[in-house]
Amino acid sequence: MKSERDSGAKQALSGRRSFLGLAAAGLGGVLIAPGIHLIEVAQAAARGTAPAGANAKVRWGLLIDTTKCASGCSDCVSACNTENGLAAPTRPTDAQWIRKIEIKSVATGRAQSLPVMCQHCAEPPCVDVCPTGASFKRADGIVLVDRHSCIGCRYCIMACPYQARSFVHEPLTAQKPEVPRGKGCVEGCTLCVHRIDAGGGPACVEACASAGHHAMLFGDLNDADSEISHRVREVASKQLRPDLRLDPGVRYQGLA
Amino acid sequence: MNLRHRAFVCRAAAWLACACMAGPVLAQQATANRVPLPAIEAARGEACVADPAFMRRNHMNLLKHQRNETVHLGVRDARASLKGCIECHASAATGSVAQAPGDFCASCHSYAAVKIDCFECHASKPAAAALPANHPRTDTGVSRPQGVLRWPQLASAR
């Protein structure tokens, strides 16, 4: 437990350390050419040392067009279950990573249907409350649970305003090789991190597109040229509970 | 009569001495036969990521290091991954490394009396559908990566 916490702390510190090292080098040598900023040097160094894995320059996000999300359709939910080896929930305590909700405006009577999953906040409260460091945010903005460190205290379930996390109550069998899950741990949407690391996207987005709905869009919010960045620039979109200032990576279009 | 009697006593004493000396040796052999030694099934693939002697002592360190790299940093194509172990070492009979008592991980861990927690969460079988045609699991081609692991303990062990 201690070594895991230490390694987590080291990872968190490594970025700052390398930046401080570079800053010291820059001040000592005064060799940085005009027009080259320290931040660019630091980013170049980060690229050189960690070519594989999560990229800190990326912020993965989703844009969900609620006007295209049909009431009663649960293609994204079933795709998530299939991809991650989850059984279709039969009891309220069963694990669920994505769910469809139906909302209706009291004032106008307008009904809408939308999927809700982990919102992959920039300031995730689940990470703040985790006593073991098991809840963490990856460099590319994906919020995950390290099940090796999770003690199943469920503070994160309480802290999450989106009710996006589940607890596994019973022993599991026949897990997917890419998606290890087990009893006694909290879990939630991983944005299909195993697929993202292989260059793909989440299964829910793929299922929504292949069914012809195209209500979900996945991409890099930090990349100004990505499709999702174009869309969030052009159309009005909302984060859920913006008053909490958690800056979720999932945005909803057409939500009123 | 007296001489004969004395000779018999001497021979009996000699036999007794022999029996006493041989006793512990026979007992040791019997004990050794009763202990079920781990049966290591031959793995697919040409070579492991490191020497078998090193792997026996240090596989847990490699796996622990790798799990942190993968979960926190997203490094997936690393050599010392549990998935990689399972793909080569899954039993031909059960298709698993820990399902039957004779499977690769289970046989050694029961011999060493070390409880193995990995497979409460991790699949102990490789994903058959996801394997490419030239994958070790298909038993036709061998594609484990070759080379030396960059791991400080590996260098110091050699």
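In chain A, helix α3 (residues 75-84) packs against helix α7 (residues 203-210) at an angle of about 135°, and their axes lie 8 Å apart. This is a predicted model: local features need pLDDT of at least 70, side-chain atom pairs count only at pLDDT 80 or more, and totals for chains, interfaces and linings use all residues. Residues are numbered from 1 along each chain as its sequence is written, while chains are lettered from A and ligands numbered from 1 in the order in which they are written.

**The α3–α7 pair**
- Angles under 35 degrees count as roughly parallel, over 145 as roughly antiparallel, 65 to 115 as roughly perpendicular and the rest as oblique.
- α3(A) and α7(A) are therefore oblique to each other.
- Asp75(A), Cys76(A), Ala79(A), Cys80(A) and Glu83(A) of α3(A) meet α7(A) residues Ala203(A), Cys204(A), Glu206(A), Ala207(A) and Cys208(A). Two residues are in contact if their C-beta atoms, placed from the backbone, lie within 7 Å.

**Helix α2 of chain B**
- Helix α2 (residues 52-73) of chain B has a kink of about 70°, centred on Asn58(B). The bend at a residue is the angle between axes fitted to the seven residues ending there and the seven starting there.
- Buried residues of α2(B) include Leu62(B), Gln66(B) and Val71(B). Buried means that 20 or more other C-beta atoms, placed from the backbone, lie within 10 Å of a residue's own.
- Gly74(B) follows α2(B), with a positive phi near 75°.

**Chain A overall**
- Chain A has 8 helices and 10 strands. Helices (H or I, at least four residues) and strands (E, at least two) are DSSP runs, numbered from the N terminus.
- Of its 256 residues, 33% count as buried.

Technical notes. Axes are lines fitted to C-alpha atoms, for helices over the stretch in contact, and angles run from 0 to 180 degrees between N-to-C directions. A residue is buried if 20 or more other C-beta atoms lie within 10 Å of its own, exposed if 12 or fewer, and partly exposed in between; C-beta atoms are placed from the backbone.
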